[in-house]
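Biologist: I would like to go through this model term by term. Please set each value against its cut-off.

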Amino acid sequence: MTKAYSRAVTALFCLFLGGLLVWHVLLPDRDRSEVENRTLAQKPEFSWAALKDGSYTAAVEAYFADQFPLRDEWTGLKARAEQLIGKHLFNGVYLCGDTLISKVEAPSDGLDEKNLGYVAQLADKTEAPVYLGLIPSAAEVWSDLLPEGAENFDQAAYLDRAAELGLPMVDFLGALETHAGEPVFYRTDHHWTTLGAFYGANALLEAMGKEPLSQGDFAPETVTEDFNGTLYSTSGVHWLTPDTMEFWVEDAGLEITSWRTGAPEPGVLYDRSYLEQKDKYSAFLGGNQPLCVIRNEAAAGQGKLLLIRDSYSDALAPFLVQRFEEVHLLDARYYRAPASAYAADNGIDAVAVVYSVPNFITDRNLVLLGQ
């Protein structure tokens, strides 16, 4: 009886695996996963050289893993099973009740200190004042939500070290901590919300001696209640309520120019086409690009600001252009010319290096700031 039972279980298991293999062969390969928001591995081409050096077998393994039938459903089921056994960390993302918070790893290669040095070099090469604004992530601002004993990089201590450069600092930490009880970050994404960006804008304006913005001057528009962000994709935790996304700033009177392909072309403050896609955060300015300039005719004579930016600035810039004639957003990952030369050539009045702390301590492109 026991042997017959074992044989039956083995046969069913083999049948199950065989069925999955046949299913995999019959299904067309997918180019990308909308849930994970990434391109999926495709069937590799065979060569004896690739087989010999091991790259072919590695590519085949990645291909089968990415094209596995019902991959998205299995990923979510795996996370559910791990939650039931008490796990709190899922692919580098902490599950904190109804909120996902990305773990920030401590830098190990000295890049965090080198990048501070590159900012100092930029300040030495630029006639306009250079402000340093490092945005702490939810792991710092909402640290009370993290599981007990959760490992996390001390971002506040790093901000103290950054202040030792002697450059004027933007107190994003203070601004966000003051409003930590409000939804200043998304629950399924690593970015700050439009509300968080509003508080961040006032922190930057205060540092520059500009008049702060009034929340009452804006009429927030809810543009989606179905935003599942990067942490949703990374963690496999797919059962939380999606985030709500808002646009606050009217684009009337604003002129947006983008340099996506090296030549100027009309841009948009909010690209609503992204609201129908997985990557909804890219609706802010249409996502990452080498250079973007926003001009506000109503703020003529109030100066030109250059932001050395990561993606947090896409939600920040619409607020800043209320107090500047022009806001220039330069992404060091894609714009390869010296930022100091750009500032001089375009009559920039102030430069702000605005990065989230996790991005700043890992970005290898900031070496270009020292050129």
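Biologist: Which residue just after H9 takes a positive phi?

Modeller: Gly209, with a phi of about 75°. This is a predicted model, in which local features need pLDDT of at least 70, side-chain atom pairs count only at pLDDT 80 or more, and totals for chains, interfaces and linings use all residues. Residues are numbered from 1 along each chain as its sequence is written, and side-chain values use heavy atoms, with hydrogens and water left out.

Biologist: What makes residues 194-207 a helix, and what span is expected of H9?

Modeller: Helices are DSSP runs of H or I of at least four residues, strands are runs of E of at least two, and both are numbered from the N terminus. H9 has 14 residues. The expected span is 1.5 Å times one less than the number of residues; H9 reaches 20 Å from its first C-alpha to its last, close to the 20 Å expected.

Biologist: Why is H9 called mostly covered?

Modeller: Buried means under 20% relative accessible area, exposed over 50%, and partly exposed in between, with a 1.4 Å probe and protein chains only. By that rule 12 of the 14 residues of H9 are buried, among them Phe198, Tyr199 and Asn202. The buried residues of H9 pack against helix H8, helix H11 and strands S8, S12 and S14, where contact means heavy atoms within 4.5 Å.

Biologist: Why is Ser258 called buried?

Modeller: Ser258, in strand S9, has 2% relative accessibility, so Ser258 counts as buried. Beyond its neighbours within four places in sequence, its contacts include Pro264, Leu291 and Cys292.

Biologist: What makes the pair Ser258 and Gln289 a polar contact?

Modeller: A polar contact is a pair of N or O atoms within 3.5 Å; within protein, one must be able to donate a hydrogen and the other to accept it, and residues adjacent in sequence count only if both atoms are side-chain atoms. The side chains of Ser258 and Gln289 are joined at 2.8 Å.

Biologist: How do you know that Lys278 has no salt bridge?

Modeller: A salt bridge needs a side-chain nitrogen of Lys or Arg within 4 Å of a carboxyl oxygen of Asp or Glu. For Lys278, which is buried, the nearest side chain of opposite charge is Asp189, 6.5 Å away. A polar atom of the Lys278 side chain does lie 3.3 Å from the backbone oxygen of Gly229.

Biologist: How do you know that S4 and S5 pair?

Modeller: Two strands pair if DSSP finds at least two bridges between them. S4 and S5 have four, in the antiparallel sense.

Key
Lys, Arg positive; Asp, Glu negative; His and termini not counted.
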